[in-house]
Amino acid sequence: MTEIATPGQLRMSYLRWALVTVPAVVLLGSLSGLLSNSGYANRWFAALDALLDEGFALEAAGWKGDAGTAIACDPRLRARYGALAHAFSARGQLACYFLRAGTRRVAFHFALADADTYYLFKPGFDPALAAYGLGHLLVDAVARDLIARGLRELDFLGDDLPWKRDWTDTARAH
């Protein structure tokens with residue numbers, strides 16, 4: 001049976017995490033307006049690939065890396081996600097977020113966004129800092145940014161997991 005945290009429990013947990021670390025969020029939006037000039041596009045995609053490498057390393061840092069199921073563990077899967085990132089960036093729909101502790105990136109979201117919904121495909125965080133709730137801190141910062149931008153839904157995608165139940169009582173089959 002999945003345990004569901006009450007809003008009060010989540011608020012207390014969030015306050016504990018927030019007091020320990022102050023997040024800084026980096027949003028990679030689209031530079032689609034610059035992509036008509038291949039010089040800009042090449043530099044953008046090279047920078048994007050480097051950032052994706054950092055993000056996918058965070059995803060691989062925990063159990064997914066140990067199990068060999070992380071994106072970074074499979075060159076074909078890494079290429080597929082890279083191609084998706086390039087294609088959705090060109091369409092203005094790529095949304096990658098990083099949470100930083102100081103200058104170090106410690107949590108990551110690989111997501112796509114349309115006019116109404118943020119689709120979280122792959123999260124990742126530094127497991128050495130798991131006690132600080134980095135994943136929850138990043139979800140909170142992302143949700144605030146999405147609300148400010150007028151998006152109405154954050155879809156966690158994938159399996160119904162306990163950490164997702166900290167944010168919603170609703171589950172949807174995909």
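**Around tyrosine 118**

Analyst: If we set aside the neighbours within four places in sequence, tyrosine 118 is in contact (heavy atoms within 4.5 Å) with Ala95, Tyr97, His109, Ala111, Leu112, Ala113, Val142, Leu146, Leu151, Glu153, Leu154 and Asp155. Before going further, please keep in mind that this is a predicted model, in which local features need pLDDT of at least 70 and side-chain atom pairs count only at pLDDT 80 or more, while totals for chains, interfaces and linings use all residues. Residues are numbered from 1 along each chain as its sequence is written, and side-chain values use heavy atoms, with hydrogens and water left out.

Tyrosine 118 belongs to strand β4, residues 117-125, where strands (E, at least two residues) and helices (H or I, at least four) are DSSP runs numbered from the N terminus. Tyrosine 118 counts as buried because its relative accessibility is 0%; buried means under 20% relative accessible area, exposed over 50%, and partly exposed in between, with a 1.4 Å probe and protein chains only. Among its partners, histidine 109 also makes a polar contact, side chain to side chain, at 2.8 Å; such a contact is a pair of N or O atoms within 3.5 Å, and within protein one must be able to donate a hydrogen and the other to accept it, while residues adjacent in sequence count only if both atoms are side-chain atoms. Leucine 94 lies 24 residues away from tyrosine 118 along the chain, and their C-alpha atoms are separated by 9.6 Å.

Alanine 107, in strand β3 (residues 104-113), is buried because its relative accessible area is 0%. Tyr97, which is in contact with tyrosine 118, is also in contact with alanine 107, as are Leu134 and Leu138, among others. Between alanine 107 and leucine 137 there are 30 residues in sequence but 9.0 Å in space, C-alpha to C-alpha.

Leu134, Leu137, Leu138, Val142 and Leu146 are among the buried residues of helix α5. This helix, residues 134-148, has 15 residues and reaches 21 Å from first C-alpha to last, close to the expected 21 Å, a span taken as 1.5 Å times one less than the number of residues. After α5 comes glycine 150, with a positive phi near 90 degrees.

Seen as a whole, the chain has six helices and five strands, and buried residues make up 38% of its 174 residues. Of the contacts with a separation of 6 or more, 59% join residues 24 or more positions apart.
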